[in-house]
Amino acid sequence: MFEGFSEAVITGEGADIFVRHGGNLAGPGLLLLHGYPQTSAMWHKVAPQLADKYHVVCADLRGYGRSSKPVTDGDHSPYSKRVMAADMVRVMTQLGHDSFYVGAHDRGARVAHRLGLDHPASVKAIAMLDIAPTREMYRETDDAFARAYWHWFYLIQPAPFPETMIGGDPDAYWKFKCKAQSAGASPFSPEALDEYLTLFRDPAVIHASCEDYRAAASIDIRHDDEDGGRKLSMPLLAVWGGRGVIERCFDALVLWRERAENVTGFSLPAGHYLAEEIPDQVAMHFREFFARH
């Protein structure tokens with residue numbers, strides 16, 4: 001995976017972030033952020049298609065993959081999207097980009113949302129895959145969503161309950177959760193799947209990823225509320241899977257227009273894991289969107 005890309009660990013404040021990066025090192029920076037329970041490996045079919053024009057940076061979020069897993073606190077603040085977003089500003093600055101584009105999926109897209117709010121001068125445009133805003137998704141939870149995204153409510157239970165249960169058979173948990181969202185045959189290449197499962201077996205990753213969700217249901221919503229009516233100012237592309245939960249349970253464009261000034265978007269014929277199910281389409285839409293902005 002990622003032929004021609006380099007690997008590095010970027011020293012940060014409170015966490016060191018593992019990255020794969022490559023492509024046109026003199027070109028614009030493009031930060032790609034993964035979702036749960038994955039790593040930067042999820043971009044291995046998309047990143048090479050953008051490497052001719054962009055310096056593509058695929059990062060493991062703090063708590064995931066080969067990045068640091070900081071000790072948490074009572075507010076889950078080390079795993080707030082505000083702190084995770086600040087990690088990414090430091091990563092991109094150290095790699096030579098004071099401003100950059102962001103493409104993000106799932107949890108990474110929630111980090112991208114906060115990144116755009118807290119660091120608007122750093123972010124030129126954001127393309128998000130298969131999410132609506134966190135606060136608004138909790139607000140509009142119904143029976144169908146709760147059944148489909150059961151893990152949102154399971155992972156926020158007090159430690160160490162979900163950690164203990166998942167840790168009993170992390171491979172079985174990972175496969176069950178991800179298969180349910182793939183809308184068909186598994187889209188994961190053997191190399192990527194091996195990385196996902198190997199790294200998710202680490203109890204520190206299981207705990208940190210639970211903390212990511214606990215933060216989302218608490219401190220992240222508090223930060224959203226403190227924003228008042230402030231919206232993302234940069235262009236936002238929202239793309240979601242037409243066979244997935246966002247399509248069935250939410251009006252993604254309506255919700256994003258509550259949180260961003262300039263929103264376009266559409267569904268694509270896939271489930272949740274668009275970057276691995278339909279990578280060519282994702283790369284094409286990213287390229288077209290970023291070229292316009």
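# Reading the model, term by term

User: How do you know that A270 is buried?

Analyst: A270 has a relative accessible area of 0%. Buried means under 20%, exposed means over 50%, and partly exposed is whatever falls in between, using a 1.4 Å probe and protein chains only. With 0%, A270 is under the cut-off, so buried is the word for it. Bear in mind that this is a predicted model, where local features need pLDDT of at least 70 and side-chain atom pairs count only at pLDDT 80 or more, while totals for chains, interfaces and linings use all residues. Residues are numbered from 1 along each chain as its sequence is written, and side-chain values use heavy atoms, with hydrogens and water left out.

User: Where is A270, and what does A270 touch?

Analyst: A270 sits in the loop between β8 (263–268) and α14 (274–277). Those names belong to DSSP runs, numbered from the N terminus: helices are H or I with at least four residues, strands are E with at least two. Leaving out residues up to four places away in sequence, A270 touches G241, G242, R243, G244, E277 and I278. Contact here means heavy atoms within 4.5 Å. T39, for its part, is 231 residues from A270 in sequence and 20 Å away in space, C-alpha to C-alpha.

User: What makes M234 count as buried?

Analyst: The relative accessible area of M234 is 5%. That is under the buried cut-off, so M234 gets the label. M234 is in the loop between α11 (219–226) and β7 (236–241). Apart from residues up to four places away in sequence, M234 touches G116, P120, V123, K124, A125, I126 and N262. A217 is 17 residues from M234 along the chain, and their C-alpha atoms are separated by 25 Å.

User: Why is D220 called buried?

Analyst: D220 comes in at 8% relative accessibility, which is why D220 counts as buried. D220 belongs to helix α11.

User: What sort of phi does D106 have, positive or negative?

Analyst: Positive, at about 55 degrees, although D106 is not a glycine. Most residues other than glycine have a negative phi, and most peptide bonds are trans. D106 lies in the loop between β5 (100–105) and α3 (107–118), and counts as buried at 6% relative accessibility. D130 also has a positive phi, near 60 degrees, in a residue other than glycine. D130 is in the loop between β6 (123–129) and α4 (134–139) and is buried at 1%.

User: What kind of peptide bond joins Y36 and P37, cis or trans?

Analyst: A cis one, with omega about -5 degrees. P37 is in the loop between β3 (29–33) and α1 (47–50). Another cis peptide bond joins A159 and P160, with omega about 5 degrees. P160 is in the loop between α6 (150–154) and α7 (161–167).

User: How do you know what span is expected of α15?

Analyst: The expected span is 1.5 Å times one less than the number of residues in the helix. Helix α15 (residues 279–292) has 14 residues, and its reach of 20 Å from first C-alpha to last is close to the expected 20 Å. P279, V282, A283, H285, F286, F289 and F290 are buried in α15. They cover an arc of only 170 degrees around the axis, so they sit on the same side of α15. That arc is taken from the directions running from the helix axis to the C-beta atoms. On the other side of α15, D280, A291 and R292 are exposed.

User: Which feature does UniProt place at residues 30–176?

Analyst: The unreviewed UniProt entry gives "domain: AB hydrolase-1" there. UniProt positions follow the numbering used here, feature names are shortened, and annotations may be inferred rather than shown by experiment. Over residues 30–176 the chain is 41% helix and 15% strand, with the end C-alpha atoms 32 Å apart.
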